[in-house]
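Please examine the model shown here with attention to its aromatic contacts and backbone geometry.

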Amino acid sequence: MGATHSASEEVRELEGKTGFSSDQIEQLHRRFKHLSGDQPTIRNLRKGPSGLADEINFEDFLTIMSYFRPIDTTMDEERVQLCRKEKLRFLFHMYDSDSDGRITLEEYRNVVEELLSGNPHIEKGSARSIADGAMMEAASVCVGRMEPDQVYEGITFDDFLKIWQGIDIETKMHVRFLNMETIALCH
């Protein structure tokens, strides 16, 4: 019983941290085990603030997946806005690879090039042009008209919030992955 009590306590803790129900945690744990090949971690090659973060455990996996939960329709406006900000902060950190609080042109180029690298119809130069154009647009939204000698240092989180203003990220940034049919299709 000690192990069962400990496991249920751990599940309750994960419910509080992630907002998932115990059934959803169980479903995601099965999916995690499938993805990890029944290992305790999944390999990750993204660089973290303290160097290469090469493994993601189940709690990390749940935390990441929690950002993609659909918005609960019973939430009040304040809670929806908080959820929106959390999703945007997560997204911001995906771009801010050196975790300095600013998305530089180089960081943005790297993400765009990585995202478009699988498309055989888009060359690396085109991906750079797309990233450069998006950064120019970001600068115009965040700074306004710039002087020729003025340099845009990059997108801060406050700038990021301005850029995403009016875009329905709280309902667009979600995945319907918590029913058994969806999980079965992923195998």
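The questions and answers below concern this structure.

The model is predicted: local features need pLDDT of at least 70, side-chain atom pairs count only at pLDDT 80 or more, and totals for chains, interfaces and linings use all residues. Residues are numbered from 1 along each chain as its sequence is written, and side-chain values use heavy atoms, with hydrogens and water left out.

Q: What is the geometry of the aromatic pair formed by F32 and F58?
A: Rings of Phe, Tyr and Trp (its six-membered ring) pair if their centres lie within 6.5 Å; planes under 30 degrees apart count as stacked, over 60 as edge-to-face and the rest as tilted. For F32 and F58 the centres are 5.5 Å apart and the planes 65° apart. The pair is therefore edge-to-face.

Q: Is F32 buried or exposed?
A: Buried means under 20% relative accessible area, exposed over 50%, and partly exposed in between (1.4 Å probe, protein chains only). The relative accessible area of F32 is 2%, so F32 is buried.

Q: How does D38 count by relative accessibility, buried or exposed?
A: D38 has a positive phi of about 70° although it is not a glycine. Most residues other than glycine have a negative phi. At 54% relative accessibility, D38 counts as exposed.

Q: Over the face of which residue does R89 lie?
A: A charge sits over a ring if NZ of Lys or CZ of Arg is within 6 Å of the ring centre and within 35 degrees of the ring normal. R89 is placed at 4.0 Å from the ring centre, over the face of F157.
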